[in-house]
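Open the model in your viewer and keep the selection tool ready. We will go from whole domains down to a pair of residues.

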Amino acid sequence: MKKLILTFFIAAFAFAAQAQVKTIGIKTSAICEMCKATLEKDLTFEKGVKSVNLDLETKVLNIAYLDSKTDPDKLRKRVTMVGYNADSLKRDPKAYAKLDECCKDGAHEDDDRPKKNDN
Amino acid sequence: MKSTILLIACLFAPALIFAQNSIKGKVQSASNEPLIGASIKLQGKDQGVITNLDGYFELGNVLKTDRLVVNYLGYEPDTLSPVFDEAMLITLQESGEAMEEVTIRGRSQSVVDEAPFLNILISENELQKAACCNLSESFETNASVDVSYADAVTGTKMIQMMGLDGRYVLISREGIPNIRGLNSRLGLTFVPGTWIQSIDVGKGAGTVINGYESMTGQINVDLFKPESMDTWYLNGYLNSFGRIEINANHQVPISEKWSSGVLFHASQMSSEIDGNDDGFMDLPKGRQLNFLNRYKYEGDRLMAQIGVNLFMSDNAGGQKGFGFNGDLSTSSMYGYEMDTRKAEVFGKLGMIYPDKPTQSWGFQYSLSYQDFNGGAGRRIYQGIEKTAYGNFIYQNVLGSSFHQYKTGASFLYDDFEETFDSNTPTGLDTAMYRTEKVPGLFFEYNFIPNERITVVAGARTDFHNLFGTYFTPRVHARWEFIPNWTLRGSVGKGYRTPNALMENSSVWISARELVFNAELKPEESWNTGVSVAGNVTIDDRPLSIVADYFYTDFTNQLVYDMDVSSELLVVNNLSNGSYANSFQIEASYPITERVDAKAAYKHYEMMMTTDGILQQIPLQSQDRFFMNIAYATKYEKWKADMTLNWNGPMRIPNTSESPVEFRQPSESPDFFMLNAQVSRGFRWGSIYLGGENILNFKQSNPIIDPENPFGSNFDASMTWGPIAGRVIYTGIRYKIK
């Protein structure tokens, strides 16, 4: 009986291993919390994506995905369709135009000033 | 405005530096008028401040991670991040609905903290947890409203608050009384679930502004609004009983100031479900068409809205084989039929004054025609109700916003024509006509000395053409006695005119003779209540607790007495012979970031004098338990939800005179009901799969003597539990923004 369960688990693992979860970091042009929410939410619903997290310090969007269902090029393409640059790929201008004002170029240029005063 | 706030939010959210500091600034209207007495509160904390006579405020110990919630009566509340270096200038926009209460809409379902009334908000998100089908099912994940089955034939679900029938609750649609009169029982099915944006459930008598009919509570339903709805929202639904539904909400943009919205519903259920093999359909076949279209104008000062609602529904039930156009008076089968038509024109008109931001007026109106054609067995009913309603509300402050008031006048015209033929030699044949004309005046004063205290004292006087003058005083108070803990108290009067035929439609489906021993008198009650709501932080997460106790005392009630004899239903006026105590405690807690749990225990004691004895109202549980667990992944890609209800034993009306084989036990067994739903989100919407009554609990033999429906022992009104068993459903929601 024990052996049977063990075999079952090994088989299950082997099965799971076939569809491998890979991770990728995509450098984006995201600049604020709003961008983070927009990008993460959209990519969450992309086919093959398991999890998404954007680091605003580095602007890198970390994605865990199933390599049987999608690939890095598709993911980068999707990022551009949301309105952001993805590594060397340029953002889609139409999608960019639809973004919230605070996610557009130059919206946070004054950010540094108050920060300095604060600390 | 919105983008400025977003910009501020964007600026500060990334810089999560935990520096403590103080903020100062000014709150003003769009026309740069200072708002005096506006509240600025830190979200989820006890800290807060009110602006002074020049609209200025200062608040210490603010964290960068805090969120400021800014509130002012008659204005859209705003939530924003603090700014530390310079004075903040916060501009509030006048609220689009001049006559709506200002509430904070955040969490999916919660007690509205700032309200002086004990109000629970059910949001769209919460409503989607129970995907079927209309307003009567929308309270499934809410502990304050109970849902039960009217009888074993009509499939009607009834709601109760504080253990008392839903007819004692004022159910309004966007402030206009909507489910009342002849449709007080069936009307919940007139509002499709997918049309509803949110529901406010208020316990206790509530405000006097919307009339005198709220005896135990107020439920206000907000539909999707033309200016904020999606371009398209499509929903398809299918269940294992063969019910099919199509819903469509469509926004028609017209111009910057004009918008229009169309809401559509079509449903059909044509299969005959008889899970308990008694030869009777467990729920009737039905088809419904429902259409609502409204236009909204939003100018700088004037707001106007006009809409139309057209509704038709046909239901046919009873013995299997009875069809939609069956003839009740001659059919050899025992049938049930109810065909309903409704047409309504409704709207609002409101004015705000940019130079006097505290002042506004609004007018709400509704004109409707409803007719009901149906009956059960040989009994044939026809009812027509014509209603005209108007309510004018003026709101302003007395000196400062510490003293606010609303005053106005209303008018109700309500015309009833009902006929009832039992088509038997001894049975009741009656025709009832009445026309109510009720002008009324009201005044409500809000005293808000500080963040912690609100007192609302209101009164209205209505001049009823049939029943004389109604005086309706009501007082509500709220006191945040320690941080995060609020005590509320209320006392208020209520009245309503009963409609004995429609309200006893379940008894039509029995051999009981209807006996009217009463001249028509209004029902009259006092409702008193206290509640405590608050939260304690456990593991950085709030455990919210609400405990309430309400006492409803009827000075006059129209009693429907089934205890006199199992062959009769006696309608009687009862003075000071009935009351209800209700106690509820509810707790909710996010077990993890992704799992929310909620549980409630309710104890009711509802006493009424029937058959000369003061005893528990029949077919209602005294004790109930409710539990809900909800799970959602990030961005709600997956959602799962489970609700468990336990209903304690119920008293069953006295059947000791019946032949021995038809006698019922004096008490029903207790039972559990389990509902669950899973949904998967997509960019375009979601698909869902769920089940109701998953444990498949059914009342055994819900119909007494089903073999002889025209015999003298037949009774399908002794219903205490679900009739139909488990139902599995699935559906799809598709949105185009």
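**Two domains of chain B**

Start with chain B: colour domain 1 (19-94) and domain 2 (103-736) separately, as the domain assignment gives them (such bounds come from an automatic or database assignment). Their centres, taken over C-alpha atoms, are 38 Å apart.

This is a predicted model: local features need pLDDT of at least 70, side-chain atom pairs count only at pLDDT 80 or more, and totals for chains, interfaces and linings use all residues. Residues are numbered from 1 along each chain as its sequence is written, while chains are lettered from A and ligands numbered from 1 in the order in which they are written.

**Where the domains touch**

Now select the contact. Domain 1 of chain B brings 19 residues and domain 2 of chain B brings 18 (contact: C-beta atoms, placed from the backbone, within 7 Å). On the domain 1 side, β2 (39-42), β3 and β5 of chain B each supply at least two residues. Strands are DSSP runs of E, at least two residues long, numbered from the N terminus.

**A four-stranded sheet**

Next, select the open sheet β3-β2-β5-β6 of chain B, where the pairing is antiparallel (strands pair if DSSP finds at least two bridges between them). What stands at the edges? β3 (48-50) and β6 (78-80) of chain B do; each has a single partner strand, so one side of each lacks a neighbour in the sheet.

Zoom in on β5 (residues 68-71) of chain B. β5(B) and β6(B) pair over three bridges, in the antiparallel sense. Click B:Val69: its bridge partner in β6(B) is B:Thr79.

Conventions:
Two residues are in contact if their C-beta atoms, placed from the backbone, lie within 7 Å.
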